[in-house]
Amino acid sequence: MAKTIFVENNIFEHSRTRKLLNIIKARNIIKINHYGELFNRNRQNFRIQKDSLNYIIAAKKNNLVMPVPRSTTSVDGYYFSHMYNCIYDCDYCFLQGHFNSAYHVYFINYEDFGEAILNKSIKTKTKLWFFSGYDCDSLASEKITGFAEYFVPFFSKLKNCILEIRTKSSRTTELLKIKPNPNVVCAFSLNPQNLINVFEKGTPSLSRRIKSIKTLSENGWKIGLRFDPLILTKARKEDYLELFDLAVNCIPKSSIHSVSLGTLRLSESHHKKMIKNDRQNRLLLDNRYGYEKKMWQPHSEIRNIEVHLREHLKKLIPQSSIFLSE
Ligand code: SF4
(Lines give C-alpha, C1' and ligand atoms only; values in the text may rest on other atoms or scores of the structure.)
Protein backbone atom coordinates (compact mmCIF):
# COMPACT_ATOMS: atom_id res chain seq x y z
CA MET A 1 0.00 0.00 0.00
CA ALA A 2 1.25 3.46 -0.90
CA LYS A 3 1.75 5.90 1.94
CA THR A 4 0.11 8.84 0.20
CA ILE A 5 -1.71 9.82 -2.96
CA PHE A 6 -1.50 13.53 -3.73
CA VAL A 7 -4.32 14.85 -5.91
CA GLU A 8 -4.57 18.22 -7.61
CA ASN A 9 -7.53 20.16 -6.25
CA ASN A 10 -9.14 21.00 -9.57
CA ILE A 11 -9.43 17.39 -10.77
CA PHE A 12 -10.37 15.76 -7.49
CA GLU A 13 -13.88 14.91 -8.72
CA HIS A 14 -12.84 13.90 -12.26
CA SER A 15 -14.08 10.41 -13.18
CA ARG A 16 -10.55 9.16 -13.96
CA THR A 17 -9.33 10.48 -10.60
CA ARG A 18 -12.13 8.61 -8.84
CA LYS A 19 -11.22 5.44 -10.76
CA LEU A 20 -7.55 5.76 -9.80
CA LEU A 21 -8.42 6.37 -6.16
CA ASN A 22 -10.53 3.22 -6.18
CA ILE A 23 -7.71 1.10 -7.55
CA ILE A 24 -4.62 2.52 -5.80
CA LYS A 25 -4.89 2.00 -2.10
CA ALA A 26 -3.10 4.50 0.14
CA ARG A 27 -3.08 5.46 3.79
CA ASN A 28 -3.52 9.18 3.05
CA ILE A 29 -5.05 11.26 0.29
CA ILE A 30 -3.80 14.85 0.25
CA LYS A 31 -5.04 17.65 -1.98
CA ILE A 32 -2.42 19.86 -3.63
CA ASN A 33 -2.46 22.80 -6.04
CA HIS A 34 0.03 21.62 -8.65
CA TYR A 35 1.99 18.37 -9.03
CA GLY A 36 5.21 20.30 -9.67
CA GLU A 37 5.28 21.53 -6.06
CA LEU A 38 6.22 18.01 -5.01
CA PHE A 39 7.59 16.38 -8.08
CA ASN A 40 10.09 19.03 -9.12
CA ARG A 41 11.46 19.85 -5.67
CA ASN A 42 15.24 19.72 -5.43
CA ARG A 43 17.16 17.46 -3.06
CA GLN A 44 14.84 14.45 -3.39
CA ASN A 45 16.41 11.00 -3.63
CA PHE A 46 15.08 9.01 -6.57
CA ARG A 47 16.43 5.71 -5.27
CA ILE A 48 14.92 6.06 -1.81
CA GLN A 49 11.58 7.12 -3.27
CA LYS A 50 11.60 4.16 -5.64
CA ASP A 51 11.55 1.84 -2.64
CA SER A 52 8.81 3.77 -0.87
CA LEU A 53 6.39 4.97 -3.51
CA ASN A 54 3.84 7.73 -3.38
CA TYR A 55 1.50 8.72 -6.18
CA ILE A 56 0.31 11.97 -7.71
CA ILE A 57 -2.83 12.49 -9.78
CA ALA A 58 -2.72 15.62 -11.91
CA ALA A 59 -3.73 17.34 -15.13
CA LYS A 60 -0.98 18.28 -17.56
CA LYS A 61 -1.33 21.85 -18.75
CA ASN A 62 1.72 22.61 -20.91
CA ASN A 63 3.87 20.79 -23.42
CA LEU A 64 1.28 18.09 -23.93
CA VAL A 65 2.87 16.92 -27.17
CA MET A 66 6.61 17.34 -27.66
CA PRO A 67 9.03 16.60 -30.53
CA VAL A 68 11.02 13.44 -29.91
CA PRO A 69 14.68 14.25 -29.14
CA ARG A 70 16.85 13.25 -32.10
CA SER A 71 19.23 11.37 -29.82
CA THR A 72 16.58 8.79 -28.90
CA THR A 73 15.23 7.66 -32.26
CA SER A 74 15.88 7.82 -35.95
CA VAL A 75 12.20 8.55 -36.62
CA ASP A 76 10.76 12.08 -36.62
CA GLY A 77 7.78 12.31 -34.36
CA TYR A 78 6.24 13.46 -31.13
CA TYR A 79 5.83 12.03 -27.68
CA PHE A 80 3.21 12.55 -25.05
CA SER A 81 3.20 11.36 -21.46
CA HIS A 82 0.08 10.30 -19.66
CA MET A 83 2.34 9.11 -16.84
CA TYR A 84 5.72 9.93 -15.32
CA ASN A 85 7.85 7.07 -13.98
CA CYS A 86 7.45 3.36 -14.08
CA ILE A 87 6.66 0.26 -12.05
CA TYR A 88 9.86 -1.38 -13.28
CA ASP A 89 13.40 -0.52 -12.27
CA CYS A 90 15.92 -0.85 -15.09
CA ASP A 91 19.48 0.05 -14.13
CA TYR A 92 19.91 2.11 -17.29
CA CYS A 93 16.58 3.98 -17.11
CA PHE A 94 17.21 7.63 -17.91
CA LEU A 95 14.20 8.70 -15.82
CA GLN A 96 16.48 8.36 -12.77
CA GLY A 97 18.54 11.21 -14.17
CA HIS A 98 15.67 13.09 -15.78
CA PHE A 99 13.26 13.52 -12.87
CA ASN A 100 13.90 14.70 -9.33
CA SER A 101 11.30 12.30 -7.97
CA ALA A 102 10.37 8.64 -8.45
CA TYR A 103 6.74 9.23 -7.47
CA HIS A 104 4.32 7.97 -10.09
CA VAL A 105 2.42 10.85 -11.67
CA TYR A 106 -0.82 10.02 -13.50
CA PHE A 107 -2.13 12.71 -15.85
CA ILE A 108 -5.84 12.23 -16.34
CA ASN A 109 -6.76 14.90 -18.93
CA TYR A 110 -6.67 12.56 -21.93
CA GLU A 111 -9.05 14.78 -23.91
CA ASP A 112 -6.49 17.64 -23.81
CA PHE A 113 -3.75 15.31 -25.05
CA GLY A 114 -6.12 14.20 -27.81
CA GLU A 115 -6.73 17.77 -28.89
CA ALA A 116 -3.00 18.54 -28.99
CA ILE A 117 -2.37 15.41 -31.08
CA LEU A 118 -5.18 16.34 -33.46
CA ASN A 119 -3.73 19.84 -33.89
CA LYS A 120 -0.40 18.35 -35.00
CA SER A 121 -2.01 15.82 -37.32
CA ILE A 122 -4.20 18.26 -39.25
CA LYS A 123 -1.21 20.45 -40.13
CA THR A 124 0.36 17.81 -42.37
CA LYS A 125 -0.45 15.01 -44.73
CA THR A 126 2.78 13.15 -44.08
CA LYS A 127 2.91 10.24 -41.64
CA LEU A 128 3.43 11.34 -38.02
CA TRP A 129 4.64 9.04 -35.26
CA PHE A 130 3.48 9.55 -31.71
CA PHE A 131 5.34 7.78 -28.93
CA SER A 132 3.71 7.22 -25.57
CA GLY A 133 6.45 5.39 -23.72
CA TYR A 134 9.04 8.12 -23.30
CA ASP A 135 8.50 8.96 -19.61
CA CYS A 136 7.00 5.64 -18.51
CA ASP A 137 6.20 2.12 -19.71
CA SER A 138 3.07 2.60 -21.83
CA LEU A 139 1.33 -0.63 -21.02
CA ALA A 140 2.54 -1.81 -17.62
CA SER A 141 0.00 0.31 -15.72
CA GLU A 142 -2.89 -0.11 -18.16
CA LYS A 143 -5.12 -1.67 -15.51
CA ILE A 144 -4.88 1.60 -13.57
CA THR A 145 -4.66 4.17 -16.35
CA GLY A 146 -6.94 2.91 -19.12
CA PHE A 147 -4.48 4.63 -21.47
CA ALA A 148 -4.77 2.17 -24.39
CA GLU A 149 -8.50 1.84 -23.87
CA TYR A 150 -8.81 5.57 -24.65
CA PHE A 151 -6.02 6.20 -27.16
CA VAL A 152 -6.18 3.12 -29.39
CA PRO A 153 -9.71 3.97 -30.64
CA PHE A 154 -8.69 7.65 -30.79
CA PHE A 155 -5.79 6.91 -33.18
CA SER A 156 -7.98 4.76 -35.43
CA LYS A 157 -9.55 8.03 -36.61
CA LEU A 158 -6.21 9.67 -37.46
CA LYS A 159 -5.27 8.16 -40.79
CA ASN A 160 -1.87 9.88 -41.10
CA CYS A 161 -0.69 9.00 -37.58
CA ILE A 162 0.93 6.07 -35.87
CA LEU A 163 0.81 5.50 -32.14
CA GLU A 164 3.66 3.45 -30.70
CA ILE A 165 2.86 1.85 -27.37
CA ARG A 166 6.32 0.97 -26.05
CA THR A 167 6.52 -1.63 -23.33
CA LYS A 168 8.39 -4.34 -21.49
CA SER A 169 5.13 -5.53 -20.00
CA SER A 170 3.53 -8.84 -20.92
CA ARG A 171 0.01 -7.55 -20.17
CA THR A 172 -2.46 -8.48 -22.86
CA THR A 173 -5.75 -8.66 -20.90
CA GLU A 174 -6.80 -5.08 -21.57
CA LEU A 175 -5.49 -4.91 -25.16
CA LEU A 176 -7.40 -8.03 -26.11
CA LYS A 177 -10.62 -6.24 -25.19
CA ILE A 178 -9.84 -3.43 -27.66
CA LYS A 179 -10.21 -3.64 -31.42
CA PRO A 180 -6.69 -3.43 -32.90
CA ASN A 181 -6.04 -1.03 -35.73
CA PRO A 182 -3.12 -0.68 -38.14
CA ASN A 183 -2.29 2.83 -36.85
CA VAL A 184 -1.28 1.44 -33.47
CA VAL A 185 1.91 -0.53 -32.90
CA CYS A 186 2.52 -2.48 -29.76
CA ALA A 187 6.30 -2.25 -29.50
CA PHE A 188 8.14 -4.63 -27.18
CA SER A 189 11.59 -3.82 -25.81
CA LEU A 190 13.54 -7.05 -25.85
CA ASN A 191 16.85 -8.17 -24.43
CA PRO A 192 18.48 -11.54 -23.75
CA GLN A 193 17.27 -13.17 -20.53
CA ASN A 194 20.71 -13.07 -18.84
CA LEU A 195 20.62 -9.31 -19.23
CA ILE A 196 17.01 -8.96 -18.09
CA ASN A 197 17.99 -10.85 -14.91
CA VAL A 198 20.68 -8.37 -14.05
CA PHE A 199 19.63 -4.98 -15.42
CA GLU A 200 15.83 -4.95 -15.83
CA LYS A 201 14.50 -5.47 -12.32
CA GLY A 202 10.83 -6.31 -11.98
CA THR A 203 10.20 -6.74 -15.72
CA PRO A 204 8.58 -9.83 -17.25
CA SER A 205 10.91 -12.53 -18.56
CA LEU A 206 11.80 -12.72 -22.23
CA SER A 207 9.61 -15.82 -22.66
CA ARG A 208 6.58 -13.99 -21.21
CA ARG A 209 7.14 -11.04 -23.52
CA ILE A 210 7.45 -13.40 -26.52
CA LYS A 211 4.26 -15.16 -25.47
CA SER A 212 2.44 -11.81 -25.39
CA ILE A 213 3.83 -10.86 -28.79
CA LYS A 214 2.41 -14.10 -30.22
CA THR A 215 -0.98 -13.60 -28.54
CA LEU A 216 -1.33 -10.02 -29.76
CA SER A 217 -0.19 -10.93 -33.26
CA GLU A 218 -2.73 -13.75 -33.42
CA ASN A 219 -5.38 -11.23 -32.45
CA GLY A 220 -4.54 -8.81 -35.22
CA TRP A 221 -2.17 -6.35 -33.49
CA LYS A 222 0.78 -4.88 -35.32
CA ILE A 223 4.00 -5.62 -33.45
CA GLY A 224 7.16 -3.58 -33.09
CA LEU A 225 10.38 -5.31 -32.05
CA ARG A 226 12.70 -2.98 -30.17
CA PHE A 227 16.18 -4.33 -29.46
CA ASP A 228 16.93 -1.30 -27.43
CA PRO A 229 19.15 -0.71 -25.59
CA LEU A 230 21.76 -3.19 -26.73
CA ILE A 231 23.98 -3.90 -23.75
CA LEU A 232 27.06 -5.79 -24.84
CA THR A 233 28.65 -6.04 -21.45
CA LYS A 234 26.69 -8.82 -19.83
CA ALA A 235 25.26 -10.26 -23.05
CA ARG A 236 27.42 -11.47 -25.94
CA LYS A 237 26.94 -10.96 -29.65
CA GLU A 238 25.72 -14.56 -29.89
CA ASP A 239 23.01 -13.90 -27.27
CA TYR A 240 21.62 -11.13 -29.46
CA LEU A 241 21.81 -13.19 -32.66
CA GLU A 242 19.75 -15.85 -30.88
CA LEU A 243 17.31 -13.21 -29.62
CA PHE A 244 16.85 -11.72 -33.11
CA ASP A 245 16.06 -15.15 -34.56
CA LEU A 246 13.63 -15.95 -31.75
CA ALA A 247 11.73 -12.66 -31.93
CA VAL A 248 11.63 -12.24 -35.69
CA ASN A 249 10.47 -15.80 -36.28
CA CYS A 250 7.91 -16.11 -33.48
CA ILE A 251 5.17 -14.37 -35.51
CA PRO A 252 4.40 -14.03 -39.22
CA LYS A 253 6.46 -11.32 -40.93
CA SER A 254 3.21 -9.62 -41.90
CA SER A 255 2.54 -8.89 -38.21
CA ILE A 256 5.85 -7.10 -37.76
CA HIS A 257 5.28 -3.40 -38.22
CA SER A 258 8.85 -2.33 -37.58
CA VAL A 259 12.09 -3.29 -35.93
CA SER A 260 14.55 -0.99 -34.26
CA LEU A 261 17.87 -1.37 -32.64
CA GLY A 262 19.49 1.18 -30.38
CA THR A 263 22.67 1.61 -28.46
CA LEU A 264 22.85 2.21 -24.71
CA ARG A 265 23.60 5.86 -24.17
CA LEU A 266 22.66 8.68 -21.86
CA SER A 267 23.24 12.38 -21.80
CA GLU A 268 26.30 13.23 -19.71
CA SER A 269 24.16 15.15 -17.22
CA HIS A 270 21.68 12.30 -16.77
CA HIS A 271 24.53 9.82 -16.36
CA LYS A 272 26.24 11.96 -13.72
CA LYS A 273 23.02 12.40 -11.77
CA MET A 274 22.25 8.67 -11.92
CA ILE A 275 25.70 7.76 -10.60
CA LYS A 276 25.34 10.26 -7.80
CA ASN A 277 22.01 8.68 -6.82
CA ASP A 278 23.26 5.11 -7.02
CA ARG A 279 26.94 4.43 -6.59
CA GLN A 280 26.32 0.67 -6.70
CA ASN A 281 25.11 0.74 -10.31
CA ARG A 282 27.79 -1.38 -12.00
CA LEU A 283 26.42 -0.90 -15.50
CA LEU A 284 26.82 2.86 -15.34
CA LEU A 285 30.41 2.50 -14.13
CA ASP A 286 31.47 0.09 -16.87
CA ASN A 287 34.76 1.28 -18.34
CA ARG A 288 33.81 0.17 -21.87
CA TYR A 289 31.58 3.28 -21.91
CA GLY A 290 32.62 6.88 -21.58
CA TYR A 291 31.75 10.51 -22.37
CA GLU A 292 31.93 11.72 -25.92
CA LYS A 293 30.15 14.79 -27.34
CA LYS A 294 28.24 15.28 -24.07
CA MET A 295 26.90 11.72 -24.25
CA TRP A 296 27.84 8.65 -22.18
CA GLN A 297 28.12 5.94 -24.81
CA PRO A 298 30.02 2.78 -25.74
CA HIS A 299 33.63 2.83 -26.91
CA SER A 300 34.51 1.51 -30.36
CA GLU A 301 35.02 -2.07 -29.14
CA ILE A 302 31.28 -2.31 -28.40
CA ARG A 303 30.18 -0.09 -31.28
CA ASN A 304 31.87 -2.46 -33.74
CA ILE A 305 29.85 -5.41 -32.45
CA GLU A 306 26.67 -3.32 -32.72
CA VAL A 307 27.45 -2.61 -36.38
CA HIS A 308 27.73 -6.34 -36.97
CA LEU A 309 24.40 -6.93 -35.25
CA ARG A 310 22.72 -4.28 -37.39
CA GLU A 311 23.98 -5.95 -40.55
CA HIS A 312 22.69 -9.30 -39.35
CA LEU A 313 19.26 -7.83 -38.55
CA LYS A 314 19.01 -6.30 -42.02
CA LYS A 315 19.28 -9.80 -43.48
CA LEU A 316 16.39 -11.08 -41.35
CA ILE A 317 13.89 -8.28 -41.96
CA PRO A 318 12.88 -6.24 -45.01
CA GLN A 319 14.86 -2.99 -45.03
CA SER A 320 11.74 -0.84 -45.09
CA SER A 321 10.66 -1.90 -41.61
CA ILE A 322 13.97 -1.30 -39.81
CA PHE A 323 14.75 1.86 -37.89
CA LEU A 324 18.19 2.21 -36.46
CA SER A 325 19.03 4.68 -33.74
CA GLU A 326 22.45 6.21 -34.28
S1 SF4 B 1 10.69 -0.22 -18.45
FE2 SF4 B 1 11.41 1.67 -19.44
S3 SF4 B 1 10.55 3.32 -18.22
FE4 SF4 B 1 10.40 1.47 -16.99
S5 SF4 B 1 12.26 1.44 -15.71
FE6 SF4 B 1 12.69 0.26 -17.56
S7 SF4 B 1 13.62 1.72 -19.00
FE8 SF4 B 1 12.57 2.91 -17.40
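This is a short tour of a predicted model, stop by stop. Residue numbers start from 1 along each chain as its sequence is written. Local features here need pLDDT of at least 70 and side-chain atom pairs count only at pLDDT 80 or more, while totals for chains, interfaces and linings use all residues.

**Stop 1: the ligand.** Select Cys 86, Tyr 88, Asp 89, Cys 90, Cys 93, Leu 95, Cys 136, Asp 137 and Lys 168, and you have the residues surrounding the ligand. Six of the shell residues are nonpolar, three are charged and none is polar. (Ala, Val, Leu, Ile, Met, Phe, Trp, Tyr, Cys and Pro count as nonpolar, Asp, Glu, Lys and Arg as charged, and the others, Gly among them, as polar.)

Stop 2: Next, click on Leu 163. Leaving out residues up to four places away in sequence, Leu 163 touches Phe 130, Ser 132, Phe 151, Phe 155, Asn 183 and Val 184 (contact means C-beta atoms, placed from the backbone, within 7 Å).

**Stop 3: the sheet.** Now go to an open, antiparallel sheet of three strands in the order E15-E17-E16. Strands are DSSP runs of E, at least two residues, numbered from the N terminus, and two of them pair if DSSP finds at least two bridges between them. E15 (266-267) and E16 (289-292) are the edge strands, each with a single partner, so one side of each has no neighbour in the sheet.

Zoom in on E16 and E17 (residues 295-298), joined by four antiparallel bridges. Tyr 289 has Pro 298 as its bridge partner, and Glu 292 sits opposite Met 295. Finish at the hairpin, with two residues between the strands: Lys 293 takes a positive phi near 50 degrees.

Definitions and conventions: A residue is near a molecule or strand if its C-beta atom, placed from the backbone, lies within 6 Å of it. Two residues are in contact if their C-beta atoms, placed from the backbone, lie within 7 Å.
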